[in-house]
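Work through the two exercises below with the sequence and the model at hand. Each has a solution in steps.

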Amino acid sequence: MNENRAIADDFAVPSTASVHDRARVAGDAAPIISLRGLRREFASGDEIIVALDDLDLDIWRGEMVAIVGSSGSGKSTLMNVLGCLDQAFSGEYRFDGRDIRKYGVDELAELRREHFGFIFQRYQLLADLDAVENVELPAVYSGVRGGDRHRRARDLLTRLGLGDRMSHRPNALSGGQQQRVSVARALMNGGEVIFADEPTGALDSHTGAELLELLHQLNREGHTIIVVTHEKGLAESLPRQIELRDGAVVSDTRNTDAEYRELPQRHARLKRNWGVVDTVSRVFQAFAIAMRAMMSHKLRTFLTMLGIIIGIASVVSVVGLGQGSQEMVLNNIRSIGTNTINVFAGQGFRDRGGPRIETLVPADAEAIAQLASADSATPSVSANGTGLYRNISASVSMTGVGEQYFRVNGREFTAGVAFDEQSVSTYAQEVVIDETTRDTFFTNGENPLGQVILIGKLPLRVIGVVKSSTGFGPNANQLSVYAPYTTVMSRMLGQTYLQSITVRVADDASMDDAEAEIEALLTARHGTEDFTLMNTDTIRETIQSTTQTMTLFISAIALISLLVGGIGVMNIMLVSVTERTREIGVRLAIGARRGDILRQFLIEAVLVCIVGGGIGVALSLGISMLVPLFIAGLTVPFSAVTVAAAFASSTLIGVLFGFMPARSAARLDPVEALAFE
Ligand code: ADP
Ligand code: MG
């Protein structure tokens, strides 16, 4: 330590600084601290303990006062009141002429931050911060710019002989060093009045004496210093001793020759950030604190996140899978063809399995095709049989269709052509096979075109190959072949009626009009309504509403897991608040606002949720990439909207479930929090 240089240089004593003696102090100048009839009671069970009993006390600027008394005499209680950590007193306390009782919590915090410095018996440094960061803390809450703050903290530490311990954490420092860090912290914002509660209590006698000398030096530089001690010897070395017994002053003595010096400037203020910048920089500070807290409990943080991760991943995946499977089914329907109406023989379920309805005939199809609202109509009739080619036989599903079937249903040819009108009218023995059928009968890449397959007893010549229809259900992997309906009806089945007619609605006609027309026509032709109309729109609507209901249902379950995740976050945050009670106490004591504490914990909760949400989104992205590998044709859409919604909801969860713990942290009483074990 440089003896010639003041410790807190901003407060170096210029020759003009006022120096006055005790007489003058006690005479005309107003005291900086003035208590009148101060009373502090504690309720302990049924009885009331009077810790401070009608206390009158004046302390002048530049004084160095010892408050002595045996254990339980009320020293700490008095210190907490003087330091504005405890406002639950009655009577009068004026600081610099201002009535403390009229101050709100944040105004008291400002007073502590800007005018006071605290030195505690147990140092009360924050374990996660290094020496410089601990010293900077009061200036963080006053909004001093980062650079200035840093420079001053390093300066103070250097002058207190800790130049080589700047980036040490408290647990890497000796007791005396830690106490000097806390002295630097007390001086950070000026330390106009320094409160030290048993500052040497935890130090050995040598370091204790050094610390006391340091306090003397600060006093000589003009700081008002109030030291609480139970050691008579220490007290007598100070210029003024106030002795307490049972909460009352029993003696107040001054050493006669003491001289008092005032701080030349009450606040040599460092430059402060202005309004919005200050708020933003304090948000960043809270962010950094939250990050540090998360990093120091990695496993716990991860486990807390797990609920959110699972919740977000399941919500995002379920919504994606729902959309994807709906899309897949709709694609299959689209392949059936749009704007088509299917006419089935029989009325709904009544005729299923009953006697065959034989009234739907090819002539109906021709009549429907004549309607203004119909573009074309293709009859269809189906039969099952065994296909035989050379020595390979397999059962095939035969559909007798009109020449327009392939166009109406959007079937794609990979080889050959469809049969034409001529083939239909001449009962041609021609067949179009799908790729599955081709691969079954024509192995070794043999060209199927022109070859003759025997289906049942009927030889049919292959004239075309169509792509197999995708989709599930009973038709998924069967061998599908298509012949003219006339051929199937007369040469294979020997029947005159159809199973269904597919009507392609004219481009300029509406679906409803076409349905009405067809219904009227067929009812007139058959004399009764022995048929069913079905259009792809109704099928599509049914599927859409079904998958939406399913998605909604599963999403609700996923949301519940998200909720459980949120409760997990709240639980851990409450634990974290309890665990860090003393840290919160320190922050409040050195002048953090309630809002600063609230923000710190809220940001931590939100951060846990957002990081968890991010991992959850990444996880569901992985799922969406894996799913198509296992289920062909199913793609899981992954939209920016989904991601944004996931992040928005995890932020919301963080705020919702973090608020309660954060508020309970912000509402802690600084005195109780500091004493928390
Ligand atoms: P000192 O610091 O001189 O040892 P304190 O100021 O801590 O004494 O305590 C003074 C009296 O007030 C003691 O009787 C103590 O038991 C009581 N007291 C202090 N704090 C509380 C509290 N939070 N609740 C109940 N009683 C308290
Ligand atoms: Mg005490």
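The exercises treat a sheet and then a pair of helices.

The model is predicted: local features need pLDDT of at least 70 and side-chain atom pairs pLDDT 80 or more, while totals for chains, interfaces and linings use all residues. Residues are numbered from 1 along each chain as its sequence is written, chains are lettered from A and ligands numbered from 1 in the order in which they are written, and side-chain values use heavy atoms, without hydrogens and water.

**Exercise 1.** Find the order of the six strands in the open sheet and its edge strands.

Solution. 
- Strands are DSSP runs of E with at least two residues, helices runs of H or I with at least four, both numbered from the N terminus; strands pair if DSSP finds at least two bridges between them.
- The order is 7-8-9-4-10-11, with mixed pairing.
- Strand 7 (116-119) and strand 11 (248-254) are the edges, each pairing on one side only.
- Inside the sheet, strand 4 (residues 64-68) pairs with strand 9 (residues 224-229) in the parallel sense over five bridges; valine 68 is opposite threonine 229 of strand 9.

**Exercise 2.** Describe how helix 17 (residues 536-579) and helix 20 (residues 640-666) cross.

Solution. 
- Their axes, lines fitted to C-alpha atoms over the stretch in contact, with angles from 0 to 180 degrees between N-to-C directions, come within 9 Å and cross at roughly 20°.
- Helix 17 is therefore roughly parallel to helix 20 (angles under 35 degrees count as such).

Key:
Parallel < 35°, antiparallel > 145°, perpendicular 65-115°, else oblique.
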